[in-house]
Amino acid sequence: MLLKNISKDKLRGYIYDTRSEMGKAAAKKAAEVINEITKTKEYVNVVFAAAPSQNEMLEALLCENVDFSRINAFHMDEYVGFDIDVPQSFAVYLTEHIFAKTAFHKVSYIGIKGLNTEETLERYTKLLEENPIDIVLLGIGENGHIAFNDPPVADFKDKLLIKKVALDEKCRNQQVHDGCFPTISDVPTHALTLTVPALLSAKYMICTVPAVTKAQAVCDMINGDIGEHCPATAMRNHDGAFLFLDRDSASMIL
C-alpha cells in the first residue's frame with residue numbers, strides 16, 4: 001500500500017507499507033523508464049548497485065516486461081583488488097541476484113583478473129565514456145553515501161567518472177550490519193566507485209531504500225541542506241530522480 005507521496009526540490013518520492021511493496025514499485029518504475037528508452041535507442045546502459053537494500057527491487061524487476069537483451073549492465077562500485085569471483089564482492093552479489101538470471105546484451109564488471117588499480121580505472125572510464133549512462137538503480141548508505149562516495153570523499157564537481165576512495169568507518173560498519181562481513185576488521189578499507197557526477201549523468205535515477213537503519217540518512221537527504229556532507233542530497237537537483245521507501249526507512253519523515 002502506498003502510504004504517502006513526497007517531493008523535495010526535483011526529487012520525487014514514494015513511501016510504501018512494506019519492503020516488498022517498495023521493491024515492486026521501484027521495479028515497475030525502472031521497467032517503465034527502460035522501456036521508454038528502448039523506443040529511441042537500441043541498447044540501454046544501466047548501472048546496478050549491489051546491496052541487500054536492492055533485493056526486493058531486483059527480484060521484482062526480473063518479473064517485469066523488460067527485454068534484458070537490450071540492456072548493457074554496469075556495476076557501480078567494488079572493493080579494491082576484488083575480482084568477480086571473490087564471494088564478498090559486489091560482482092558476485094549482482095551475478096547471483098540478477099546478471100545470471102536473465103540474458104543481458106552485455107555485462108561489464110569493474111574488477112577483472114590481471115589488471116592493477118590504475119589499469120582497472122582506465123578500462124572502466126573508457127567503457128563509461130563509450131556507453132553513457134541512461135539509468136542508475138541505487139540505494140543510499142547509512143552515512144548518506146551514494147555508491148561509495150562517502151561524505152569525506154564525495155565531490156559534486158568531480159571530473160572523474162570512477163575513482164579509488166577510502167571508506168569511512170560508518171560505511172565499513174554498514175557492511176557488517178548488512179551481514180557481508182563478520183567484523184569491521186574484515187571489511188576492505190578502499191574501493192573503486194563511480195563518482196557523484198557519473199551517477200547524476202544518467203537520465204533516470206531509481207533509488208530504493210528500505211530499513212530503519214537508513215531512517216536518519218533518509219531524513220537528512222530530504223530535510224537537510226544539499227551538499228557533500230550527505231551525498232544523497234545531490235539527487236534533489238536531478239530531473240529524473242525517484243525515491244522509493246518503506247515504512248521503516250521513512251519513519252523519521254512520516
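I shall begin with the overall fold and then turn to a hairpin, the salt bridges, one arginine and the cysteines.

First, the basis of what follows. This is a predicted model, in which local features need pLDDT of at least 70 and side-chain atom pairs count only at pLDDT 80 or more, while totals for chains, interfaces and linings use all residues. Residues are numbered from 1 along each chain as its sequence is written, and side-chain values use heavy atoms, with hydrogens and water left out.

The chain has 7 helices and 11 strands, taken as DSSP runs numbered from the N terminus (H or I of at least four residues for helices, E of at least two for strands). Its radius of gyration is 17 Å, close to the 18 Å that the globule rule gives for 254 residues, so the chain is as compact as a globular protein of that length. That radius is taken over C-alpha atoms, and the rule is 2.2 Å times the number of residues to the power 0.38. The C-alpha trace spans about 50 × 45 × 35 Å along its principal axes. Of the 254 residues, 54% count as buried; buried means under 20% relative accessible area, exposed over 50%, and partly exposed in between, with a 1.4 Å probe and protein chains only. Among contacts between residues at least 6 apart in sequence, 78% join residues at least 24 apart, a contact being heavy atoms within 4.5 Å.

Next, the hairpin. Strands S1 (residues 2-8) and S2 (residues 11-16) pair in the antiparallel sense over 6 bridges, where pairing requires that DSSP find at least two bridges between two strands. Lys8 stands opposite Leu11 in S2. The hairpin leaves 2 residues between S1 and S2, and Asp9 in the turn has a positive phi of about 55 degrees.

How many salt bridges does a search of the whole structure find? There are 8, each a side-chain nitrogen of Lys or Arg within 4 Å of a carboxyl oxygen of Asp or Glu. One of them joins Asp17 and Arg247 at 2.8 Å, N to O. Asp17 lies in the loop between S2 and helix H1 (19-37) and Arg247 in the segment after strand S11 (241-246), so this pair ties together parts that are 230 residues apart in sequence. Asp17 is partly exposed at 28%, and Arg247 is partly exposed at 38%.

Glu32 is partly exposed at 44%, whereas Lys29 is buried at 16%. Lys163 and Asp158 form another bridge, at 2.6 Å, N to O, and both residues are buried.

Arg172, in helix H5 (residues 169-177), is buried yet has no salt bridge; the nearest side chain of opposite charge, Glu169, is 6.9 Å away. Here Lys and Arg count as positive and Asp and Glu as negative, with His and the chain ends not counted. Beyond its neighbours within four places in sequence, Arg172 is in contact with Leu167, Ile184, Ser185, Val187, Pro188 and Thr189.

Finally, the cysteines. The whole structure contains 0 disulfides, a disulfide being a pair of cysteine sulfur atoms within 2.5 Å. For Cys180, the nearest cysteine sulfur, that of Cys171, is 11 Å away. Cys219 is buried at 13%, and its sulfur is 9.7 Å from that of Cys230, the closest one, too far for a bond.
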